[in-house]
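Visitor: I should like to go through this model step by step. Where shall we begin?

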Amino acid sequence: MTEFPVLTPALPEIFMALSAITLLMLGVFRGDGDTRLISYLTVGVEVVAAVLVLTGSGVREVTFSNLFVMDSFGAFMKVLVLMGSALSVLVSINYIEREQMKRIEFPVLMLLATLGMMMMVSANDLISLYVGLELQSLALYVLAAFRRDHAKSSEAGLKYFVLGALSSGMLLYGASLVYGFAGTTNFSVLADLFAGHGQQAGHTSIGLIAGLTFVAAGLAFKISAVPFHMWTPDVYEGAPTPVTAFFAVAPKVAAIALFVRLLIEPFGSMVDQWRQIIYFTALASMVLGSFAAIGQTNIKRLMAYSSIGHIGFALVGLAAGTELGVRGVMFYMAIYIFMNIGTFGIILCMRQNGRMVEEITDLAGLSKTHPMLALAMLIFMFSMAGIPPAAGFFAKLFVFQAAIQAHLYSLAILGVLASVVGAFYYLRIIKVMYFDEPVEPLDRNISGEMTLVIAGTSLFTLLFFFFPSPLLNGAAAAAASLFAG
């Protein structure tokens, strides 16, 4: 007789799935006029899901025939995903009303994408990994092309779909190779196998390494790491700005979490083999993200290249392959969410005579027309550049510290140099805001939700160094649970 699976570890996901169906039905009966209500309810659902995650046992639990795992690492990353998603929904509310995108599917699709991300974080098998990844991706394809009457949005959706399908094919091919040469797709069984129960050290199958490479390539696409970054600038520019904000935070956190779990748990003993891949990807992402952004004039494209660079910095911690490195990755992604959501909140405030503008030159003289908005942008730019005492400085400090302890001196040095180059285009935005004369000032009407998000994220980014312990301790405990598992 088949045992009924224990549902407690997956309670947040079950709650979100049922809530998404309920909100969809509510929206169908009440109509698009209640999109704001559905959006607020979506944020409420994500807050409740975060509470359910935090009130879990904290002990590693595996369920659904060993396909789903819940531990401290998963809890930490799921809270980050839910936080990024909830903030993205909040900053989107007024935009979708102004731009005639007021349809109830918008927040529900964001909720369903978030559900897929949470499944990705808890994947304990290559099959459940793929199911979570596709649930996220299918919703994101629709969101990218949500403005059906806008050519750039349709183009963004099409490009993301075509390249996303390619990356899914690479990931599935890699998974089939892993299964063919190892005989299993389960992370726990793979971990035992590679620890020496089935393969001797130094005699790892070439086919298995090829499978791991293809799986890593599929996941590298999802985090827009070089050389699988080509979709990012066009999709960031063409997608509706709140969707771009969503793309920049929650999916990146979920994919990084999945990447970390995949490489540390089942393939942890093969660190010497996969470190070469991560080393190259991290270095290439940092360099390209820093240099390619210099010539950008559109701020959304600049943020696309900036996100590629930041993913490179986060991967420096993963390249270390140590507990300290994983802690650095988690800490980096937590800071990354606040910096990015705050910056995109300000980009969403860039309107002239009711019309959205996206050029960096449109920020000219912002310090004179909107001094508080300019101050918040200055904080975010300093943080992204890694200038102390902003939170971004500490994020980079921890990943570079992990690289040095793992004797990856060249990667750390090149990362610091790339960060110096990247500081140029962040400081250029500050120069435009504070030293250029305004040509046409931005509109003054900023919604209450936007004010709350920008103020909260900027205060966190600026004052983080006064209270770093809760986040640091949480990341340390989560990283320890991953290595203990």
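Visitor: How many residues of α10 are buried?

Guide: α10 is mostly covered. Helices (H or I, at least four residues) and strands (E, at least two) are DSSP runs numbered from the N terminus, and buried means under 20% relative accessible area, exposed over 50% and partly exposed in between, with a 1.4 Å probe and protein chains only. By that criterion, the buried residues of α10 number 24 of 24.

Visitor: Which atoms do the side-chain values use?

Guide: This is a predicted model, numbered from 1 along each chain as its sequence is written; local features need pLDDT of at least 70, side-chain atom pairs count only at pLDDT 80 or more, and totals for chains, interfaces and linings use all residues. With hydrogens and water left out, side-chain values use heavy atoms.

Visitor: Where in α10 does the kink lie?

Guide: Helix α10 covers residues 241-264, and its end C-alpha atoms are 34 Å apart, which agrees with the 34 Å that its 24 residues should span at 1.5 Å a residue. The expected span is 1.5 Å times one less than the number of residues. A bend at a residue is the angle between axes fitted to the seven residues ending there and the seven starting there. The kink of about 30°, shortly before the proline Pro251, is at Phe247.

Visitor: On which residue is the kink in α3 centred?

Guide: α3 has 27 residues, of which 23 are buried. From first C-alpha to last, α3 reaches 41 Å, close to the 39 Å expected. Its kink is about 40° and is centred on Ser92.

Visitor: Are α2 and α3 roughly parallel or roughly antiparallel?

Guide: Helix α2 (residues 35-54) and helix α3 (residues 72-98) pack with their axes 9 Å apart, at an angle of about 170°. Axes are lines fitted to C-alpha atoms, for helices over the stretch in contact, and angles run from 0 to 180 degrees between N-to-C directions. Angles under 35 degrees count as roughly parallel, over 145 as roughly antiparallel, 65 to 115 as roughly perpendicular and the rest as oblique. The two helices are therefore roughly antiparallel.

Visitor: How many nonpolar residues are in the contact of α2 with α3?

Guide: Contact means heavy atoms within 4.5 Å; here α2 contributes, among others, Thr35, Tyr40 and Val53, and α3 contributes residues including Leu82, Val89 and Glu97. Ala, Val, Leu, Ile, Met, Phe, Trp, Tyr, Cys and Pro count as nonpolar, Asp, Glu, Lys and Arg as charged, and the others, Gly among them, as polar. Beside five polar and four charged residues, the number of nonpolar residues is 14.

Visitor: Which bond joins Val226 and Pro227?

Guide: Pro227 lies in the loop between α8 and α9. Omega between Val226 and Pro227 is about 10°, and the bond is a cis peptide bond.

Visitor: Is Ser224 buried or exposed?

Guide: Ser224 also belongs to the loop between α8 and α9. Its phi is near 50°, a positive value in a residue other than glycine. At 0% relative accessibility, Ser224 counts as buried.

Visitor: Which residues does His229 touch, not counting those up to four places away in sequence?

Guide: His229 is placed in the loop between α8 (206-222) and α9 (232-238). With a relative accessible area of 16%, His229 is buried. Its partners are Ser224, Leu288 and Ile308.

Visitor: With which residues is Tyr279 in contact, leaving aside its neighbours within four places in sequence?

Guide: Tyr279 is part of helix α11 (residues 271-292). Its relative accessibility is 24%, so Tyr279 counts as partly exposed. The residues in contact with Tyr279 are Ala319, Leu408, Ser410 and Leu411.

Visitor: What is the relative accessible area of Phe64?

Guide: Phe64 is in the loop between β1 (61-63) and β2 (68-70). Although Phe64 is not a glycine, its phi is positive, about 55°. Phe64 is partly exposed, because its relative accessible area is 28%.

Visitor: Which residue takes a positive phi just after α16?

Guide: The 15 residues of α16 should span 21 Å, and its end C-alpha atoms are 22 Å apart, which agrees. Its buried residues include Lys396, Phe398 and Phe400, and α12, α13 and α17 are among the helices that cover the buried residues. Just after α16, a positive phi of about 65° is taken by His407.
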